[in-house]
Amino acid sequence: MPEAASSAGASLVEATAVLQLISDSPSGGTAIVLRSSEAPPFVVMGDDSEEGFSRLRRGTIAYGVPELYQAMPRDMIRAGHILHVRDDHRPARVDKAGSIFGPMPEKLWVPLDDDGAPFAAMRVPIPSLERPAFVEFTLQAGGGVLEYRLNGEARIGDGYICSYCGKLCPQKEAHTAAHGVAGHTHAGVAAGQEREPAPLTGPLELGHPGSGTQL
């Protein structure tokens with residue numbers, strides 16, 4: 001679970017996922033920095049919208065890889081499985097948004113702390129090979145749209161990124177061993193997710209549950 005730490009009145013959020021919402025509506029091209037540890041199956045920008053966004057991929061999040069969502073009607077989701085973004089996020093501008101979040105987002109939403117105030121700094125994971133890497137932003141100005149500035153270069157954190165499922169874990173073993181080998185009945189299932197129930201929303205999939213092969 002990501003931790004929000006406080007020091008001398010300043011707080012830091014360590015994001016664990018970035019959502020990219022795909023839509024032809026005005027909310028298209030939206031990126032959301034996600035504070036929770038797992039990407040939810042469904043996202044709603046606000047209660048005033050009839051449109052929601054369903055996650056395109058199942059399973060655990062891949063460290064540093066944006067999670068893509070597609071626009072779908074709100075009635076596709078059951079109560080209790082929705083992330084309401086506008087309640088705990090604010091629009092923001094950040095340095096080098098295109099290179100860090102993928103295609104330049106028309107809108108970028110960043111999380112607020114538990115009191116509804118913007119974080120003084122935030123770390124966002126970026127793709128890297130086996131070692132976790134992240135960039136850090138510091139808050140420059142508040143107002144209607146928050147202004148965040150890139151603080152230095154990319155940095156390397158602790159832990160290991162599994163090249164098979166993309167999950168961040170404390171060390172390579174025993175995580176890697178849990179995947180088995182090619183042809184193993186559980187190959188293709190994220191470690192610890194063998195009995196994970198199917199998500200309540202999402203696209204049609206081919207193959208056995210957890211195979212990751214999708215339409």
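The paragraphs below treat confidence, overall architecture, the nonpolar cores and selected residues in turn.

This is a predicted model, in which local features need pLDDT of at least 70 and side-chain atom pairs count only at pLDDT 80 or more, while totals for chains, interfaces and linings use all residues. Residues are numbered from 1 along each chain as its sequence is written, and side-chain values use heavy atoms, with hydrogens and water left out.

The pLDDT, the predictor's confidence in each residue on a scale from 0 to 100, averages 73 for the protein, and 71% of the residues score at least 70. Confidence is highest in strand 13, at a mean of 93, and lowest in strand 1 (residues 4-7), at 38. Residues 1-9 have a pLDDT below 50, and this stretch has 16 contacts in the model beyond near neighbours in sequence; a contact means heavy atoms within 4.5 Å. Residues 182-194 also have a pLDDT below 50, with 23 contacts beyond near neighbours in sequence.

The protein contains two helices and 16 strands; helices (H or I, at least four residues) and strands (E, at least two) are DSSP runs numbered from the N terminus. Of the contacts between residues at least 6 apart in sequence, 52% join residues at least 24 apart. Among the 215 residues, 38% are buried, where buried means under 20% relative accessible area, exposed over 50%, and partly exposed in between (1.4 Å probe, protein chains only).

In soluble globular proteins, nonpolar side chains tend to be buried together. A nonpolar core is here a set of buried Ala, Val, Leu, Ile, Met, Phe, Trp, Tyr and Cys residues joined through side-chain atoms within 4.5 Å. The largest such core has 21 residues, and those with the most contacts inside it are V94, F101, V110, V124, F137 and Y148. Elements giving two or more residues to this core include strand 4 (30-34), helix 2 (97-101) and strand 11 (121-126). Leaving aside residues up to four places away in sequence, V124 touches A15, V18, V33, F101, F134, V135 and F137. Another core, of 14 residues, lies apart from the largest one and includes A17, Y69, V85 and W109.

Which side chain does the side chain of E136 meet in a polar contact? E136 belongs to strand 12 (residues 133-141) and counts as buried because its relative accessibility is 10%. Its side chain makes a polar contact with that of R123, at 2.8 Å. Such a contact is a pair of N or O atoms within 3.5 Å; within protein, one must be able to donate a hydrogen and the other to accept it, and residues adjacent in sequence count only if both atoms are side-chain atoms. R55, in strand 6 (residues 51-55), is likewise buried, at 8% relative accessibility. A polar atom of the R55 side chain lies 3.1 Å from the backbone oxygen of R57.

Most residues other than glycine have a negative phi. K96, which is not a glycine, has a positive phi of about 50°; K96 lies in the loop between strand 9 and helix 2 and is exposed, at 56%. E130 also has a positive phi, near 70°, and is found in the loop between strand 11 and strand 12.
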